[in-house]
Amino acid sequence: MSTVALIGAGKMGEALLIGMLRRGHEVLVAESNPTRAAELAELDGVEVCTATAAVAAADVVIVAVKPHQIIELVADLASSIRATTPIVSVAAGISVRALEAAVAKDEAGRQLAVIRAMPNTPALVGEGMIAISPSAGCSGAQVSMTIEMLSSVGQVVVVPEEQQDAVTALSGSGPAYIFLVAEAMIDAAVALGLEPSQARDLAVQTIFGAATMLRESTDAPAVLRGNVTSPNGTTAAAIEALERNELRAAFTAALSGAHARSIEMTAEFSSDS
Ligand SMILES: NC(=O)c1ccc[n+]([C@@H]2O[C@H](COP(=O)([O-])OP(=O)(O)OC[C@H]3O[C@@H](n4cnc5c(N)ncnc54)[C@H](OP(=O)(O)O)[C@@H]3O)[C@@H](O)[C@H]2O)c1
């Protein structure tokens, strides 16, 4: 089993920590909030220590602090990290180039490998979607080890970095779109006379069941939809109303808004660093 250093164990860091512990990895945690650090020290498989000690002993370093904190932090830690250890950043909007510049070649000529990762909040329940973009200097073994670590909280795909803004618009922000769909379905069902708690149960299980069918089937979403849409039936009436009210146009606008904002945020962080 590999040794992982986790620097920053807030919401996303803790989700990653729990998943990695479940897989039996040993995790060295550095967390600046003393109350959280004390709580985490109670978990089996966790050793809480300084960030410098953690990264020096690690096969993989995962950094899960806020985007505005990460560049200075990895720059400070770089000289303590082994040459073969990849540094994985989950910070939104922080580019591979900015990370590489922060850990620029030291006197010994070492350029550490960095990996930019974009997780989403279902990682908290082990069902995350994580897209990673390794730096050009990353070896196949470093990428495989990172995939193994991150897959403890969901599915992992490798994408070219220029696609990270699109990934952010789809899977990064996507859970909130589904929460909004759930809200809208529940409100509409309550207006039809269902109790709010019952409407919630029915909506949640419907979304969960449909998502499970999508994942387990090789059919396109349109085929699954067609299979449950009889001509002139209830589903056909609903789908016709959703199309007439331009659901597709709403999602096109939503994803392009998120995409544009992600590009802007990456540019803001790049000009700060
Ligand atoms: N939450 C999400 O859904 C999500 C999704 C995608 C990506 N991300 C990325 O994940 C990263 C973390 O987000 P989060 O929501 O988990 O933030 P968070 O809850 O604020 O967690 C960050 C933690 O790191 C600690 N920390 C800060 N500097 C540190 C240092 N030098 N050494 C050790 N610990 C340090 C913070 O302690 P203090 O509070 O004392 O500063 C805090 O407990 C962000 O870069 C974000 O872009 C998050």
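Which residue is the bridge partner of Val4 in strand 4? I looked it up, and the partner is Val60.

Before going on, I noted what I am reading. This is a predicted model, in which local features need pLDDT of at least 70, side-chain atom pairs count only at pLDDT 80 or more, and totals for chains, interfaces and linings use all residues. Residues are numbered from 1 along each chain as its sequence is written.

Next I checked the terms. Strands are DSSP runs of E with at least two residues, helices are runs of H or I with at least four, and both are numbered from the N terminus. Two strands count as paired if DSSP finds at least two bridges between them.

Then I followed strand 4. Strand 1 (residues 3-7) runs parallel to strand 4 (residues 60-63), and 4 bridges join them. Leu6 has Ile62 as its bridge partner in strand 4. Ile62 also stands opposite Val88 in strand 5. Strand 5 (residues 87-89) pairs with strand 4 in the parallel sense, over 3 bridges.

Which way do the strand 4 side chains go, and are they buried or exposed? I found Val60 and Ile62 pointing one way and Val61 and Val63 the other way.

Notes: A residue is buried if 20 or more other C-beta atoms lie within 10 Å of its own, exposed if 12 or fewer, and partly exposed in between; C-beta atoms are placed from the backbone.
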